[in-house]
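Visitor: Please take me through the disulfides in this model. I would like a close look at that one part, with the geometry and the surroundings.

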Amino acid sequence: MLERLYSMDPAGLENLLFSSSRLEKYFRGGSTGKAPDKGLSAWRPDLLYNAAEMFRRNGRSALARRCIDMALSLKADCPAFNFARWRIRRDAGDAAGAKKDLIKSAAGPRTRAFLTWLDAALDLAPGPLPAPAAPGKPLEKNAVRDGGLSKKLSDEGVELITKNDLAGAQALLTRAVAEDGENFEARMDLCYLAIKTGDVQLGEEQCGEAVFLAVAPPKHAVISKDRLSSAFYSRGLFYLTTGNKTAACGDLRRAASEAPPGWPPAVETLERAEKACAAAK
């Protein structure tokens, strides 16, 4: 099913995967011919895992990473998911980050057991394993997670942007997202740097990650009213900068449609969308 949808409408598949309501409607509406027996929460992690593997095979490493990260956010202690993330990051040239992820995942008992077995069977220990995770106190409903070191680094990065030290800002913001991949503000700031510098690789990853976090925000995230419109607007500007008028057209239109009342760039967004869409025809 995934391969067929990907060949027919890659952008549509991306929107489907990262929206629980669209997925539910797609299956329950009979688009597949047969709805899954279990609820969405039961089968969505495996769907995202299979999508990640498909995108990896097709060379879409950033999209593969988004899928596997979301799968792990729904089912963290899964050996197959953690091993897939390791392979995706390694294949993308981030061997150090891949190893760090795999070692960190060993705090979960199932993944820890898998890695211990892997060491014994193949002598492929990824490094010293951390202590098993102690049960943490769950956050209260509507509690906001402390940004910690990641927020501190991203705040310092923004200060460097105001001083026009873009290289220094990028270094700090990159550290911020390495510390906390769910730092939406840091992703947005890195997307802004990609727009300023025209760095295609940086923009594809960071603008895409910002949109992903806006569409599927993590638990206990601070949700601003303009989160969706701002993320799509930024990625649309990145696509304009790099000459992808078709993608810019779609993102800028989405930004305009998601804009809350009184959003400052609303008029400008519509104007840019019209120009981009006209150029894409």
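Guide: Start with a cut-off: a residue is called buried when its relative accessible area is under 20%. The model is predicted. Both Cys-249 and Cys-277 are buried. They form a disulfide, with sulfur atoms 1.9 Å apart. The torsion about their S-S bond is about 90°, so this disulfide is right-handed. Cys-249 sits in helix H14 (residues 245-258) and Cys-277 in helix H15 (residues 266-280), so the bond ties together parts that are 28 residues apart in sequence.

A search of the whole structure finds two disulfides. Cys-191 and Cys-207 also form one, and their sulfur atoms are 2.0 Å apart. Here the S-S torsion is about 95°, so the disulfide of Cys-191 and Cys-207 is right-handed. Cys-191 belongs to helix H11 and Cys-207 to helix H12 (residues 200-215), so parts 16 residues apart in sequence are tied together. Cys-191 has 0% relative accessibility, so it counts as buried. Cys-207 is buried too, with a relative accessible area of 0%. Counting bonded cysteines along the chain, the pattern is 1-2, 3-4.

Now the surroundings. Helix H11 (residues 184-197) also holds Met-188. Met-188 counts as buried because its relative accessibility is 16%, and the cut-off is under 20%. Leaving aside residues up to four places away in sequence, Met-188 touches Ala-210, Ser-230, Ala-231 and Ser-234. Its C-alpha atom is separated by 9.1 Å from that of Arg-235, 47 residues away along the chain.

Conventions
Residues are numbered from 1 along each chain as its sequence is written. This is a predicted model: local features need pLDDT of at least 70, side-chain atom pairs count only at pLDDT 80 or more; totals for chains, interfaces and linings use all residues. Side-chain values use heavy atoms; hydrogens and water are left out. Helices (H or I, at least four residues) and strands (E, at least two) are DSSP runs, numbered from the N terminus. Buried means under 20% relative accessible area, exposed over 50%, partly exposed in between (1.4 Å probe, protein chains only). Contact means heavy atoms within 4.5 Å. A disulfide is a pair of cysteine sulfur atoms within 2.5 Å.
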